Amino acid sequence: FPAGDVFSQLHNALDKSKSGEIVLSSNAWDLVREHCEGTEIGGDWQIVKLKKSVPPVNLDVKYDNPPNGFEAAIRSYIDKGVSARIYAGHDQWLGELRRVSVVFVNLSGLTFQTGGIIEHKQINAVLCVGQRIVFRYEGFVRQFLVDDKGCTLIAVFGVPISHEDDSVRAIQAALQIQIQ
């Protein structure tokens, strides 16, 4: 059972957030305060805007046809950051501990009613938009949940590729998703 201060912070921030808001714990705020403007709400912080943005990654990169064979087929399923480390001989660092930023996006407009029809095309379109935005800032979509409470996209920044500004990248992605 997950427990500890991080989960308490997450629970408190989620309780204070409303639909369309980005709320950070005070610890998370300390990591991004110089890059953001925010309003304090009961010890946590609601993001108002970014002062400085991070340029997104170009996703329109075209790859040559990989050579025939098993390794080439498998390579397409391995994250680019992990592949780069493996082929550079840095695979011993793949098990390291690091700070990450996690974004929970509650999509209140998409709900699943027990016994009802799931709007597959609409959910797929929303997921594709979310993935594209998260990937542009070099994060990854950890999970996409659909249940009776609605849809939730969970994105992580800082693994497998880490940047000094992953927390800012996470906020930028959340703001972009909010706009879309």
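Here is a short tour of a sheet, a helix and some salt bridges in a predicted model.

Number residues from 1 along each chain as its sequence is written. Because the model is predicted, local features need pLDDT of at least 70 and side-chain atom pairs count only at 80 or more, while totals for chains, interfaces and linings use all residues; side-chain values use heavy atoms, without hydrogens or water.

Start with β1 (23–24), β2 (36–41) and β3 (residues 44–50). (Strands are DSSP E runs of at least two residues and helices H or I runs of at least four, numbered from the N terminus; two strands pair if DSSP finds at least two bridges between them.) They make an open, antiparallel sheet in the order β1-β3-β2. β1 and β2 are the edges, each with a single partner strand, so one side of each has no neighbour in the sheet. Six bridges join β2 to β3.

Next, pick C36: L50 in β3 stands opposite. C36 is buried at 2% relative accessibility (buried is under 20%, exposed over 50%, partly exposed in between, with a 1.4 Å probe and protein chains only).

Now select K16 and D44, whose side chains meet in a salt bridge at 3.2 Å, N to O (Lys or Arg side-chain nitrogen within 4 Å of an Asp or Glu carboxyl oxygen). K16 sits in helix α1 and D44 in β3, so the pair ties together parts 28 residues apart in sequence.

Finish at R169, buried at 9%. Its salt-bridge partners include E138, at 3.7 Å, and D165, at 2.8 Å. Shared partners join E138, D165 and R169 into one network.
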